[in-house]
Amino acid sequence: MDADEFLAERFAEHRTHLKAVAYRMLGSLTEADDAVQEAWLRLSRTDSGAIDNLGGWLTTVVGRVSLDMLRARAARREAPLEQRLPDPVVSPEDGGDPEQEALIADAVGLALQVVLESLRPAERLAFVLHDMFAVPFDQIATIVDRSPDAAKKLASRARQRVRGTIPSPERDPVRQRRVVDAFLSAARDGDFAALLAVLDPDVVLRVDAGAFAEGGSWTISGAAAVAGHAPNFQRFTTTRTVQPVLVNGAAGLLSSEDGRPASVLGFTIADGRIAAIDILSDPERVARLDLALPRE
């Protein structure tokens, strides 16, 4: 084995971890792959013999690349509160491959990814690297060009935002699926009262149909407002094939039309009710998702 092959093998040992870091940072599976590829390119141009801790070095590089990508994304936005759901990680109910499992480890549900999208780039990096991957603040400080104390404050602000936004989710997959099945049954019947019963009073519905789709992307809150979409839910569930899947490790649904995936529904269940529904129906983004799932 020559030096290049050896280096490639060492990098491959860290690739799954690096993609998990990049996904939490970027909320985009495509951009996460790009960040990991950039880390490999930088490694291939570096004297690897001078790197004491390859895993730590690569994590720092992916963090820095992801931070630059987040800042560039923010600079391109015409509106600061641009609506965009993160890419969901969709897998069969019996689990996905090891890379998918790493992407959603530590209960990184879709609701958390949504909140991460609202953080400032430096806050997101500090929170993701420290709270999710135990990267020390002195290492984070070198990425954001601040002191370790300042990096600690960034993570603290992000932590407060996360804790104040996301309810404690149900961990039991059987209970999750029971609630989602109740929603699906009520939706098929167009039953406003049954939908109301399964929704948390403060439920949030987020829909991302893409920037150029009719209706675009929107968010509504409150059980009555969400249940008021009963006719839309009924049309959705009776004109398409709907199958159970895991969305970021939690009970979700995948709809298909004419054999092609059409939308992904992620649910956040808390205290036996639905606290959030996240629907990605952007045709281009759904088509890019890895949906190697058994068909009914």
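Guide: A polar contact is a pair of N or O atoms within 3.5 Å. Keep that cut-off in hand as we look at this predicted model.

Visitor: What makes Asn53 a cap for the N-terminal end of α3?

Guide: A side-chain oxygen of Asn53 lies 3.3 Å from the backbone nitrogen of Gly55. A polar contact needs its two atoms within 3.5 Å, so this pair qualifies.

Visitor: How do you know that the span of α3 is close to the expected one?

Guide: Helix α3 covers residues 54-76, 23 residues in total. From its first C-alpha to its last it reaches 33 Å, and 33 Å is what 1.5 Å a residue leads us to expect.

Visitor: Why is the pair of Phe11 and Trp40 called tilted?

Guide: By the ring rule there are three aromatic pairs in the model. For Phe11 and Trp40, the centres are 5.2 Å apart, and the planes make an angle of 55°. Phe11 sits in helix α1 and Trp40 in helix α2, so the pair ties together parts 29 residues apart in sequence.

Visitor: What makes Asp278 stand out by class in the lining of the largest cavity?

Guide: That lining has seven nonpolar residues, no polar ones and one charged residue. Asp counts as charged, so Asp278 is the charged one. Among the other lining residues are Leu85, Pro86 and Val264. Strand β7 gives the largest share of the lining, three residues, while domain 1 and domain 2 each supply at least three. The cavity holds about 30 Å³ of space.

Note on methods
Residues are numbered from 1 along each chain as its sequence is written. This is a predicted model: local features need pLDDT of at least 70, side-chain atom pairs count only at pLDDT 80 or more; totals for chains, interfaces and linings use all residues. Side-chain values use heavy atoms; hydrogens and water are left out. Helices (H or I, at least four residues) and strands (E, at least two) are DSSP runs, numbered from the N terminus. The expected span of a helix is 1.5 Å times one less than its number of residues. A polar contact is a pair of N or O atoms within 3.5 Å; within protein, one must be able to donate a hydrogen and the other to accept it, and residues adjacent in sequence count only if both atoms are side-chain atoms. On a 1 Å grid over the protein atoms alone, a cavity is a set of points where a 1.4 Å probe fits but cannot get out, and a pocket is an open set with protein on both sides within 12 Å along at least five of seven lines; lining residues have an atom within 4 Å of a point. Grid points are joined across faces, edges and corners, and a volume is the space filled by probe spheres set on the points. Domain bounds come from an automatic or database domain assignment. Rings of Phe, Tyr and Trp (its six-membered ring) pair if their centres lie within 6.5 Å; planes under 30 degrees apart count as stacked, over 60 as edge-to-face and the rest as tilted.
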